Amino acid sequence: MKKFWNWIKDSDETRTLRLEGPIDEESFWGDEITPQMFRDELNAGEGDVTVWINSPGGNVFAAAEIYTMLKDYKGRITVKIDAIAASAASVVAMAGDVVQMSPVAMLMIHDPSTVAMGNTKDMEKAIEVLNEVKESIINAYAAKSGLTHARIANLMSNETWMNAKKAVELGFADEILFSKKEDDPDSDPADPDKPEKTPDEEPGEGEEKKPFQQDAAGHLFSSRQMDLIVLNRLGVKPDTPAAQTEPPSNPPSEAGPVLDMDGKTEEGDYSYNVLMKQLECMK
């Protein structure tokens with residue numbers, strides 16, 4: 001019977017184990033291929049081990065023993081999934097200190113299944129065994145991913161297929177193979193999460209609004225100076241001295257020209273105070 005694993009010795013410090021095809025459901029427990037054979041080959045060398053997995057699954061108890069052997073190994077175990085680690089093979093993958101997936105690989109988890117026959121008691125016993133097997137599998141998934149028992153149980157019941165990104169997000173894998181790691185810049189002015197403040201933006205809590213504004217050309221000006229510039233372009237001279245920063249709040253009734261109902265003076269011009277009020281309304 002052909003083994004479903006193969007050892008490749010890279011050097012004295014590292015070794016590679018390839019698990020390819022179904023995790024055998026019969027011969028792993030028969031006379032030809034036994035768990036003891038796998039254990040002897042695992043412990044025949046020292047150093048770190050890289051385990052490549054491309055398997056649709058197989059016998060859950062065979063996978064459980066391989067998982068335990070890898071977890072008990074003294075060296076560092078790195079699991080790399082190159083195509084698929086489904087069903088029982090996904091349990092073996094959880095033994096890795098680091099689990100890496102190819103960007104095109106898939107990982108699948110689901111509830112265990114079996115074939116049973118007999119009377120009602122036999123069926124009830126089969127259900128009981130399946131429930132306990134599921135609990136044992138959840139222990140392996142939880143130890144790796146850190147997800148809650150209920151979350152993992154639900155993922156298994158729904159037969160969840162995960163690509164590399166999803167497996168990393170859920171904690172079943174740690175890294176994506178061949179992905180480029182680029183350092184993020186210290187600051188990104190185009191970052192939508194940190195937009196730059198505009199000059200006329202309202203201040204935040206605890207901040208004071210700056211008395212000056214800056215235009216696109218980089219010129220600083222005050223609101224008062226802007227009012228004067230606008231009036232100057234309109235050809236209107238202020239009725240108050242240049243040194244006065246604001247018009248009088250309550251000008252004497254006898255001061256200033258007499259206004260018509262439309263706000264014009266006797267000469268037909270608009271009063272400075274009227275224009276100032278209009279500018280204030282436009283702000």
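Is serine 55 buried or exposed? Serine 55 is buried, with a relative accessible area of 2%, where buried stands for under 20% relative accessible area, exposed for over 50% and partly exposed for what lies in between, computed with a 1.4 Å probe on protein chains only.

## Basis of the model

This is a predicted model, in which local features need pLDDT of at least 70 and side-chain atom pairs count only at pLDDT 80 or more, while totals for chains, interfaces and linings use all residues. Residues are numbered from 1 along each chain as its sequence is written, and side-chain values use heavy atoms, with hydrogens and water left out.

## Serine 55 and its surroundings

Serine 55 belongs to strand S3, which covers residues 48-55; strands (E, at least two residues) and helices (H or I, at least four) are DSSP runs, numbered from the N terminus. The side chain of serine 55 reaches the backbone oxygen of glycine 21 at 2.7 Å, and a polar atom of that side chain also lies 3.1 Å from the backbone nitrogen of glycine 57.

Contact here means heavy atoms within 4.5 Å. When neighbours within four places in sequence are left aside, serine 55 is in contact with Leu19, Gly21, Pro22, Ile23, Ile84, Ala85, Ala86 and Ala89.

In helix H1 (residues 35-42), the buried residues are Pro35, Phe38 and Leu42. Seen down the axis of H1, these residues fall within an arc of 65°, so they line one face of the helix; the arc is that of the directions from the helix axis to the C-beta atoms.

Helix H5 (residues 149-157) has Ile152, Ala153, Leu155 and Met156 as buried residues. They cover an arc of only 160° around the axis, which puts them on the same side of H5. The buried residues of H5 pack against strand S6 (106-109), helix H4 (120-145), strand S7 (160-163) and helix H6 (164-170).

Most residues other than glycine have a negative phi. Just after H5, glutamate 159 takes a positive phi of about 45°, although it is not a glycine. Glutamate 159 lies in the loop between H5 and S7, and at 41% relative accessibility it counts as partly exposed.

Serine 87, likewise a residue other than glycine, has a positive phi near 55°. Serine 87 is found in the loop between strand S4 (77-86) and helix H3 (88-93), and with a relative accessibility of 18% it counts as buried.

Notes:
Polar contact = N/O pair within 3.5 Å; in protein donor to acceptor, adjacent residues only side chain to side chain.
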